[in-house]
Amino acid sequence: MRCVLAQCSLNSICICLLMFLLTTQNAVLGDIDYGDALTKSLLFYEAQRSGKLPSTQRVQWRGDSGLKDGSDAGVDLVGGYYDAGDNVKFGFPMAFTITMLSWSTLEFTKQLEAKDELSNALDAIKWGTDYLIKAHTTPNVLYGEVGDGDSDHECWQRPEDMTTPRTTFKIDEQHPGSDLAGETAAALAAASIAFKDKNPKYASDLLTHAKQLFEFARNHPGIYSNSISAAGKFYASSGYEDELLWAASWLHRATDDKTYLDNLGQAGNTGGARTVFAWDDKFIGAQVLVAKLVLEGKVDSAGAWGQYKSQAEQFICSCIQKGNNNVKKTPGGLLWFLPWNNLQYTSTAVFVATAYSEYLNAKHASIQCPGGIVKPSDLIALAQSQVDYILGSNPEGMSFMVGFGTKYPTQVHHRGASIVSIKENSAPVSCKAGFDLWFNKTSPNPNVLDGAIVGGPDENDGYSDSRSNFQMAEPATVSTAPLVGVLARLALVNW
């Protein structure tokens, strides 16, 4: 900023003042451009698209894929997202991704709009919800997987070249999956709020499907990975109580129907103190949404409602290191939860802190943690410290968001990114040939997977940039979605 107010002449004071105000809301704090990271985070979802790509597709190294998905069952299951570095469409993490993209968009709509990213965020949501609607063929039938993880992992192919089976798997009344149906209900309900103003007809359709799926989940209890065993090898579910609360929370927010509030108030298990918020454990998400209701005075602060709020705040206190059982941190300061794709848990924790700071701010409230009072500004500082680490302020000096900054992972464990674009070389890459031609190479991926968040460093801040190290080097759609909202908030620092 070269225009300093003290140096302004009377004739230029208005221009200088305007420049000063714009600078205070710049996307850059220090050397980190949060606005650029936000843009890249949404580009990542275009790289993960399955199906017929639209004319507006910005990630040009990708092509159409999975155009016959669902044909084995006589249904149209074209579209949706590949979950990570493979070519399988897993409905459970995909639905959670859409819920978190929607939550990010709902809480930070104005910030996304100010950064000209709202339409891209809605596009990312709609690419997922269009598919989830297709997958919900009748009230009590939901397709939960396309492709087979075992056979897919035996091959290293671009999605455009897939020769692996595209088998479909579903849940129904005889083969229930309350967790899958509940998470999908949450995703569609949350998305309905995001589209309510801009596309009310679509929002209404989403809500209809969400309500049906919630009833399916409640009336036909069961764990989806017991019904779709192929998914259980990769995304096994530990239970469905959390998804039922999560779905009820979102349906209440979307409809203001007391029935869903009663579902929450009468729940026998509000989750207790949780240690992670992730695709298999949504208790914290439900607790935070109910805590918002308590703060707004829409429910009592006593009884079950008080428990939800207290449990949400226990998690937040542990993240900010003022709890009774604090989350571990690496020597470099990263919140450390679990060794496999740790950054997915960091990103959800950071989102919770950021969203909760907004809820507290609106009511001029704070949290009384065992280790002291936590103000909204403390939560934003926590979020910024974690995002800064992810974007390069760490002992490795490496951004764990691909394509961001000058040093980032170049050997991301991702089939499409690691093989030359089909638009550059259309010769098919066969199942096994991909390993010799591309996977086993030690050179950088030919395509930069902008916005992908890799699994991240180990508990001592070390990172191995190797394509074969899927524990650290594989990205996932669930990891980036929570950061969309956080980056939008940080990109406008004085909002």
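In the predicted model, the axes of helix H16 and helix H20 (residues 477–491) come within 11 Å and cross at roughly 110°. Since angles of 65 to 115 degrees are counted as roughly perpendicular, H16 and H20 are therefore described as roughly perpendicular to each other. The contact between these two helices is made on the H16 side by Ile380, Ala383, Gln384, Val387 and Ile390, which meet Leu483, Val486, Leu487, Arg489 and Leu490 of H20.

A pair of aromatic rings is described by the distance of the centres and the angle of the planes. A search of the whole structure finds 27 aromatic pairs, and for one of them, formed by Tyr389 and Phe400, the ring centres are 6.3 Å apart and the planes lie at 20°, so the pair is stacked, the cut-off for stacking being under 30 degrees. Tyr389 belongs to H16 (residues 376–390), whereas Phe400 is located in the loop between H16 and helix H17 (415–418), so that the pair ties together parts 11 residues apart in sequence. Tyr389 is buried, with a relative accessible area of 1%, and Phe400 is likewise buried, with a value of 0%.

The loop between H16 and H17 is also the place of His413, which, at 8% relative accessibility, counts as buried because the limit for this class is under 20%. When residues up to four places away in sequence are not counted, His413 touches Gly85, Trp156, Phe439, Arg467, Phe470, Ala473, Glu474 and Pro475.

Further aromatic contacts are found elsewhere in the model. Ring pairs link Phe96, Trp103, Phe108, Trp246, Trp250, Phe277 and Phe351 into a cluster. Lysine side chains are also placed over aromatic rings: Lys126 lies over the face of Tyr202, at 4.6 Å from the ring centre, and the charged end of Lys441 sits over the ring of Trp438, 4.3 Å from its centre.

Just after H14, Gln321 takes a positive phi of about 70°.

Technical notes
Residues are numbered from 1 along each chain as its sequence is written. This is a predicted model: local features need pLDDT of at least 70, side-chain atom pairs count only at pLDDT 80 or more; totals for chains, interfaces and linings use all residues. Side-chain values use heavy atoms; hydrogens and water are left out. Rings of Phe, Tyr and Trp (its six-membered ring) pair if their centres lie within 6.5 Å; planes under 30 degrees apart count as stacked, over 60 as edge-to-face and the rest as tilted. Helices (H or I, at least four residues) and strands (E, at least two) are DSSP runs, numbered from the N terminus. Buried means under 20% relative accessible area, exposed over 50%, partly exposed in between (1.4 Å probe, protein chains only). A charge sits over a ring if NZ of Lys or CZ of Arg is within 6 Å of the ring centre and within 35 degrees of the ring normal. Axes are lines fitted to C-alpha atoms, for helices over the stretch in contact, and angles run from 0 to 180 degrees between N-to-C directions. Angles under 35 degrees count as roughly parallel, over 145 as roughly antiparallel, 65 to 115 as roughly perpendicular and the rest as oblique. Contact means heavy atoms within 4.5 Å.
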